[in-house]
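Please look over the sequence and the model shown here before reading on.

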Amino acid sequence: MTAVAAHPVSSSPPAGTGLLPSGEPWQLIDPAGQPVTEAGPLPPDPTLTELYRRMVIGRRFDAQATALTKQGRLAVYPSSHGQDACQVGGVLALREQDWLFPTYRDSVAIVTRGVDPVEVLSLLRGEWHCGYDPHQHRVAPQCTPLATNTLHAVGLAHAARLKDEDTVALVLLGDGATSEGDTHEALNFAAVWKAPVVFLLQNNGYAISVPLAKQTAAPSLAHKGIGYGIPGELIDGNDAAAVYTTVQAAVERAAGGQGPTLIEALTYRIEAHTNADDATRYRNSDEVAAWLARDPLTRLEAYLRSAGQLDDDGAGRLRAEAEQFAAVLRERMNADVPADPAELFAHVYAEPTAPLREQRDSLLAELRDAGEQR
Amino acid sequence: MTSTLDAATVTMAGALNTALADALAADQGVVVFGEDVGTLGGVFRVTDGLAARFGQDRVFDTPLAEAGIVGTAIGMAMNGLRPVVEMQFDAFAYPAFEQVTSHLAKLRNRTRGAVSLPIVVRIPYGGGIGGVEHHCDSSEAYYAHTPGLRVVTPASPADAYRLLRQSIDCPDPVIFLEPKRRYWSKETAQLEAGGPALDQAAVVKRGTDVTLISYGGTVATTLEAAAAAAEEGWDAEVIDLRSLSPVDDRTLTESVRRTGRAVVIHEAAGFCGYGAEIAARLSERCFHSLQAPVLRVTGFDIPYPAPALEGHHLPSTDRILDALARLQWDDEPDERWLDSGGAHA
Amino acid sequence: MPDFLLPDLGEGLAEAEVIEWRVRVGDQVATDQTVVEVETAKAAVEVPVPFAGTVTALHADPGTMVAVGQPLITVGPAAAEEASGNVLIGYGTTASPGTRRRRGRRRPQNHSAGPVRVISPLVRKLARDAGLDLTAIHGSGPSGIIRRADIELAAQANQAAPATPLAPAMPLAPATPITSATPVTSVPSAPSAPSATETTRIPLRGTRRAIADKLTRSRREIPEATVWVDVDVTDLLTVRTQLNARTPDRPVSILALFARFTVLALRRYPELNAHLDGDEIVIPDHVHLGFAAQTDRGLVVPVVRDAHQLSARDLSAALTAHTAAARAGQLSPAELTGGTITVNNYGVFGVDGSAAIINHPEVAIIGLGRIIDRPWVVDGELAVRQVTELTLAFDHRVCDGGTAGGFLRTLADYLEDPVTALGDL
């Protein structure tokens with residue numbers, strides 16, 4: 001494997017034979033915050049510090065969104081608490097010209113990418129199906145039908161190749177999505193076309209309530225790569241350094257014309273599927289506790305402190321920054337967004353068709369009559 | 001848009017081929033892909049010669065995966081290309097149905113217009129070719145029922161050229177239904193992209209007594225029936241809808257208010273079929289002009305039959321004439337729907 | 001949102017101290033559930049709430065005093081149990097019913113037998129445009145469906161004037177001045193009469209059928225009564241002769257004078273110009289005067305619209321014109337429908353009185369009999385005078401004998417002594 005990265009870090013982890021993943025998930029920093037030196041060099045400290053900062057903010061955002069849901073200000077919020085390393089590590093490894101294809105659970109990733117958090121929450125508060133312009137930060141709309149966005153990512157990436165543009169698409173998917181046909185087709189198309197796509201698979205162990213054992217009989221989800229001729233990587237998804245390094249290497253592979261990579265990141269969904277789910281029906285608290293002990297923020301904080309990159313003042317400043325972020329978000333979320341019924345008809349086609357204009361006029365007349373009767 | 005052929009005799013498949021070639025030449029962003037469309041030139045030869053002429057980056061074969069074809073087309077369109085994809089047969093488009101209805105139809109609306117998907121999904125549809133199972137379906141109602149999609153179907157070679165060129169240029173996603181039994185129909189015409197717009201119906205025969213409404217592969221059948229009707233004393237007007245969604249209400253309403261009688265003809269099963277929508281619209285808009293109920297002549301509500309029985313299922317001239325006879329001429333009501341016994345006052 | 005006021009808990013106490021709330025805002029409470037413990041001067045008391053619902057406000061903190069009669073707790077209506085609360089993927093259902101827009105709703109017409117079946121919406125519209133009542137039209141199609149031909153027939157014939165069902169078809173000459181004592185006119189060809197040697201069957205079809213249905217309906221629905229009076233019209237005839245001598249090119253017929261005086265009398269008795277709509281008597285502000293005319297097609301009742309605005313001369317001209325048009329079959333639907341009252345000169349048939357059939361849905365029909373010489377008492381002495389009999393058949397639901405009699409008397413006075421009419425002109 002050639003190492004052409006600008007950063008002084010090896011471009012790929014020691015892998016299994018060719019396309020197969022390693023037997024154990026690859027890790028750079030262990031849960032206690034100790035570097036696993038034989039695994040390879042760490043990203044530079046500024047990068048690690050930034051990873052930590054973004055995870056702190058992201059975790060605070062996640063908690064705030066959860067609270068907003070309990071207050072009835074959001075219709076639903078699928079939390080990524082516990083998956084922070086994937087959310088942040090994956091996104092920070094992207095270049096500006098790359099695209100992110102998230103699912104409904106990846107709000108923190110989208111915020112990390114730079115999209116306005118109020119716009120990110122537009123879908124979840126029920127204001128509109130997508131609150132941001134995808135072209136602005138190159139983030140596709142939050143995808144609800146699982147796995148369907150994998151094909152979009154492959155298409156966009158392939159188009160970049162056809163146009164001779166340097167663009168890589170990072171698509172986020174979960175363990176449940178790997179059972180959908182679209183994932184299979186996307187991996188296949190990507191491999192055949194050598195599309196510059198990175199598949200970051202956040203395996204958090206559950207698809208709502210269905211555990212991994214009922215989702216697949218494969219030795220690991222990363223093993224599926226070989227079936228398509230795609231290298232599969234198995235990593236510790238709670239290790240931000242490992243996530244960042246692996247995704248970056250895969251981006252470089254893709255940009256270099258060597259095609260797609262399938263990265264399986266082992267992680268855990270600390271909260272329930274959404275706020276209205278009762279996870280105690282299908283998981284026990286011991287399991288949750290065990291994963292809490294592997295918290296991505298805790299371990300990176302421990303490393304940074306031991307490396308002298310973070311002290312109490314610094315941690316305090318980060319906490320304050322995160323609190324400020326949350327306070328601003330709360331404030332802005334208090335403002336009601338006026339919903340314009342006429343907009344229902346505005347974007348169905350490039351130009352509203354004649355039958356649609358009729359329907360729009362009819363609805364506006366209804367509203368006028370109702371208003372006059374009040 | 002310039003025409004590429006002087007008036008010449010051309011088949012519908014040939015006209016479509018020319019339209020694709022002209023579109024590929026006119027816009028570098030156009031890409032054509034699907035199963036067997038590259039080297040083979042398509043199972044109906046609609047993409048014949050295009051890969052050789054424009055190269056494998058513009059015209060190419062994909063793995064056998066319809067959801068994949070439409071899904072990747074969406075991604076390509078998000079990155080600025082204009083994909084024209086082919087589903088090999090109507091029933092084989094079903095695996096792509098989720099990508100079509102959940103994303104192709106919705107992405108513009110979902111992003112408030114920020115994302116535009118100028119994609120054409122070409123689907124050969126309909127029967128009448130003695131095809132085995134799954135090769136003769138008519139799925140237009142599913143797509144027409146999906147807001148956000150345009151659904152278009154040509155009935156003649158010249159219109160096939162025109163509608164395909166316009167569909168490729170259109171910023172909205174278009175489901176382009178090609179009546180496969182008319183692929184070999186011929187017409188002497190000059191192919192041009194200008195003319196009636198994408199959302200317009202066409203009065204292909206003027207008449208005074210009744211409006212016959214059809215589209216795609218059934219228009220030719222309807223014109224034959226109109227000629228036969230003339231011999232029996234009915235002067236029928238024939239409308240080719242061309243665009244199923246959006247539908248051209250104005251042309252339909254003007255015609256039916258003038259004739260006072262209407263029959264809708266399509267191959268697809270009648271129950272919840274496209275004709276039901278037309279009948280409802282005509283009943284709303286032309287109520288006081290109607291001399292008789294709006295009738296439909298359609299396929300039966302059965303899975304498309306095997307070739308041996310296909311002829312009984314498809315609308316025929318005879319069946320259309322039967323419907324014409326029931327349109328309450330001579331002030332006589334259609335007795336089918338009267339109660340026996342006449343208990344009502 | 002009921003407030004529960006602190007009751008008098010014992011022998012005229014004025015206040016109590018709140019010790020402890022047993023519920024919080026948002027809790028559901030049932031009737032008689034203990035919500036608070038209070039202490040009075042006498043004892044600690046648990047207070048139950050007298051109604052159920054959701055607690056929306058507690059009006060005193062523990063340790064504070066509340067006066068008797070002051071609000072203690074507010075309880076709103078019970079939260080709807082149908083609301084789902086937050087669901088996996090969204091806000092869930094809400095119980096709020098939402099407001100409903102009011103819309104002016106037209107009630108459908110009363111159809112005792114259900115909607116009338118018509119062959120097409122177009123024909124139904126034709127009927128409506130012609131002002132035809134579909135329930136009165138016989139449908140000649142299968143299962144009684146009304147066909148276009150039925151509408152066209154009904155529009156031509158309109159509803160029959162229930163004049164003299166006994167009268168054979170004879171032409172009417174309302175403009176003919178009645179100067180002689182014999183009002184007999186020429187006898188036209190009559191419909192084929194049954195011969196004595198065989199039984200003939202004449203089917204009731206078309207106009208005949210339509211008229212028959214109309215008459216039957218009138219008799220079936222209207223509880224009518226009749227009043228009549230003999231009138232000395234000698235002076236009227238003299239006045240008329242003088243009038244026509246002045247303007248011979250614009251004569252005034254007896255029927256026209258009769259019609260004019262009828263319209264005048266209706267001013268005083270407008271109920272006779274009315275019609276029933278459901279359970280309301282509708283009195284219009286106009287008089288559309290129908291008059292019976294016999295034609296080759298049968299009995300026709302042309303309508304002179306806005307007769308209340310026409311002079312006697314205008315009326316005369318209108319009556320003449322309408323009669324001619326009726327005979328030529330050229331009356332439009334508007335000229336055959338919409339009448340508010342009908343007059344009938346059956347005197348031309350040579351008879352005096354008639355218990356006429358009211359032209360449904362009108363409420364009165366006034367008849368004029370033949371004018372003949374009769375013995376009469378004038379100034380206490382027997383004399384020979386020109387006398388005619390007026391009859392008024394009226395819908396007794398709409399008015400009583402006083403009104404009907406008053407109207408007829410008024411009309412009789414105008415005819416007997418035209419000078420008195422001057423006062424009301």
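How many residue pairs are in polar contact between chain B and chain A? The count is 19 residue pairs, with both residues at pLDDT 80 or more; a polar contact is a pair of N or O atoms within 3.5 Å, where within protein one atom must be able to donate a hydrogen and the other to accept it, and residues adjacent in sequence count only if both atoms are side-chain atoms.

This is a predicted model, in which local features need pLDDT of at least 70, side-chain atom pairs count only at pLDDT 80 or more, and totals for chains, interfaces and linings use all residues. Residues are numbered from 1 along each chain as its sequence is written, chains are lettered from A and ligands numbered from 1 in the order in which they are written, and side-chain values use heavy atoms, with hydrogens and water left out.

- The side of chain B that touches chain A draws two or more residues from each of β3 (59–61), α3 (66–78), α4 (97–104), α5 (107–110) and α10 (274–285) of chain B; helices (H or I, at least four residues) and strands (E, at least two) are DSSP runs, numbered from the N terminus.
- Among these elements, α3(B) gives the most to that side, with 10 residues.
- By residue type, the side of chain B that touches chain A divides into 18 nonpolar, 15 polar and 12 charged residues. Here Ala, Val, Leu, Ile, Met, Phe, Trp, Tyr, Cys and Pro count as nonpolar, Asp, Glu, Lys and Arg as charged, and the others, Gly among them, as polar.
- Chain B brings 45 residues to the contact and chain A brings 40 residues, contact meaning heavy atoms within 4.5 Å.
- About 3,400 Å² is buried between chain B and chain A, and carbon and sulfur atoms give 62% of this area. Buried area is the accessible area (1.4 Å probe) that two parts lose on being put together, summed over both.
- B:Met78, B:Asn79 and B:Arg112 supply 21% of the area that chain B buries against chain A, more than any other three residues.
- Three salt bridges are counted between chain B and chain A, a salt bridge being a side-chain nitrogen of Lys or Arg within 4 Å of a carboxyl oxygen of Asp or Glu.
- B:Arg112 also forms a salt bridge with A:Glu127, with the closest N and O atoms 2.8 Å apart.

**Nonpolar cores**

- The largest nonpolar core has 77 residues, and A:Phe199, B:Ile175 and B:Leu241 have the most contacts inside it. A nonpolar core is a set of buried Ala, Val, Leu, Ile, Met, Phe, Trp, Tyr and Cys residues joined through side-chain atoms within 4.5 Å.
- The element that gives the most to this core is α3(B), with eight residues.
- Leaving aside neighbours within four places in sequence, B:Leu241 is in contact with residues including B:Ile213, B:Tyr215, B:Val247, B:Leu252 and B:Ile278.

**Salt bridges**

- Over all chains, the structure holds 56 salt bridges.
- C:Glu46 and C:Arg22 form a salt bridge whose closest N and O atoms are 3.0 Å apart. This pair links distant parts of the chain, with C:Glu46 in strand β5 (residues 44–48) and C:Arg22 in the loop between β2 (15–21) and β3 (28–29) of chain C, 24 residues apart.
- C:Glu46 is partly exposed at 47% relative accessibility, and C:Arg22 is partly exposed at 35%; buried means under 20% relative accessible area, exposed over 50%, and partly exposed in between (1.4 Å probe, protein chains only).
- C:Arg370 forms a salt bridge with C:Asp352, the closest N and O atoms lying 2.8 Å apart. C:Arg370 is partly exposed, at 23% relative accessible area, whereas C:Asp352 counts as buried, at 18%.
- A:Glu358, B:Asp249, B:Glu277, B:Arg281 and B:Arg285 are joined into one network by salt bridges that share partners.

**Local features of chain A**

- Helix α2 (residues 84–92) of chain A is mostly covered, with eight of its nine residues buried; the buried residues include A:Asp84, A:Cys86 and A:Val91.
- A:Arg294 lies in the loop between α11 (285–292) and α12 (296–306) of chain A and is partly exposed, with a relative accessible area of 29%.
- Not counting residues up to four places away in sequence, A:Arg294 touches A:Pro31, A:Asp236, A:Asn238 and A:Arg299.
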